[in-house]
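Visitor: Could you walk me through this one? I'd like to start with the packing and then move to the voids.

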Amino acid sequence: MDEVVQAGLWGLLAGSALLLGAGLGYGLRVPQKVIASVMAFGAGVLLSAVSFELVGEAYDQAGLAPAAVGTLAGAAAYTLGNVWLARRGARHRKRSGSRAARSQPSESEQGGSGAALALGALLDGVPESAVIGVSLLDGGSVSLVTVVAVFISNVPEGLSSSAGMKRAGRGKAYVFGVWAAIAAASTVSAVLGYTVIGAFSPAVIAAVTAVAAGAILAMVADTMIPEAFEDAHLAIGMITVCGFLVSFALSHG
């Protein structure tokens, strides 16, 4: 199969987990502690993937300086975008809405927040999908660890965020339209990650991988961990470690 098509299909597979999570979050009344638990597990998975698959790979390809600079640049770019979106109503886009003070606003409460939430979901999903396409550049086979990590982490993201959208009064068409669009964007991002980045030198590829790693790490810290610990129970740290170890085992299996 053509590698461009492979990149798109793997990106679509990972992005489809958002729709799976959205279906669970919108259609079922999921207890807050369950949402916190799956979000913690997803955060642990991504933290491990960033460490061993992305930053580690960038370091092996180009050394410490490009890996460090790229990671910081990715974190800075994500943070700037997140600050801009937060001021427009997307600050708590991954929150399930269990507490009014930290819930997604409705359109009547803050005009334009619906569009900001959609853009926020896009901001969160693009770096993850792009590295799936980039991983195909190394030997022509996708990094299954990266795909699995993104898929596992996308389920709680879609679950928690769609539950919050529902509580904010947003309808089914909006919720599933957003996540279907992000799944499509994940496909495009993976294809672009393979086709566009593949034209550059290994040092540039390493830097781009590190940029994506920095953006993902900033996203985990800013949007996933706060929701996981919103109604933290005593096992939440252990669940995060379990997610970390699952990804670590896949990476070294």
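Visitor: What kind of model is it, and what conventions apply?

Guide: This is a predicted model, in which local features need pLDDT of at least 70 and side-chain atom pairs count only at pLDDT 80 or more, while totals for chains, interfaces and linings use all residues. Residues are numbered from 1 along each chain as its sequence is written, and side-chain values use heavy atoms, with hydrogens and water left out.

Visitor: Ok. Which residues touch the most other members in the largest nonpolar core?

Guide: L46, L54, I216, M219, V220 and M224, out of 19 residues in that core. A nonpolar core here is a set of buried Ala, Val, Leu, Ile, Met, Phe, Trp, Tyr and Cys residues joined through side-chain atoms within 4.5 Å. Buried means under 20% relative accessible area, exposed over 50%, and partly exposed in between, with a 1.4 Å probe and protein chains only.

Visitor: And which helices supply it?

Guide: α2 (32-62) and α7 (202-228) each supply at least two residues of this core. The most comes from α7, with 9 residues. Helices are DSSP runs of H or I with at least four residues, numbered from the N terminus.

Visitor: What does I216 contact, sequence neighbours aside?

Guide: Leaving out neighbours within four places in sequence, I216 is in contact with L46, V50, L54, P127 and E128. Contact means heavy atoms within 4.5 Å.

Visitor: What other core is there?

Guide: Another core of 9 residues lies apart from the largest one, and includes L18, A22, A121 and V175.

Visitor: Switching to voids. How many cavities are there of 30 Å³ or more?

Guide: The count is 3. On a 1 Å grid over the protein atoms alone, a cavity is a set of points where a 1.4 Å probe fits but cannot get out, and lining residues have an atom within 4 Å of a point. Grid points are joined across faces, edges and corners, and a volume is the space filled by probe spheres set on the points.

Visitor: What about the largest one, how much space and what lines it?

Guide: The largest cavity holds about 90 Å³. Its lining has 14 residues, with K94, A121, D124, E157 and W179 nearest the centre. α4 (113-135), α5 (144-167) and α6 (172-195) each give at least two lining residues, and α4 has the largest share, 5 residues. By type, the lining is 6 nonpolar, 3 polar and 5 charged. Ala, Val, Leu, Ile, Met, Phe, Trp, Tyr, Cys and Pro count as nonpolar, Asp, Glu, Lys and Arg as charged, and the others, Gly among them, as polar.

Visitor: Which residues line the second largest cavity?

Guide: L46, A49, V50, L54, V131, T146, A149, V150 and I216 line that cavity, which has about 50 Å³ of space. The lining divides into 8 nonpolar, 1 polar and no charged. Its largest share, 4 residues, comes from α2.

Visitor: Now G44 and S153. Buried or exposed?

Guide: S153 counts as buried because its relative accessibility is 0%, and G44 counts as buried at 0% as well. S153 lies in helix α5 and touches G42, L46, E128 and M224, not counting residues up to four places away in sequence. G44 is in helix α2, and with that exclusion G44 touches T240, G243 and F244.

Visitor: Last one: where is D2?

Guide: D2 lies in the segment before α1 (3-27). D2 counts as partly exposed because its relative accessible area is 47%.

Note on methods
On a 1 Å grid over the protein atoms alone, a cavity is a set of points where a 1.4 Å probe fits but cannot get out, and a pocket is an open set with protein on both sides within 12 Å along at least five of seven lines; lining residues have an atom within 4 Å of a point.
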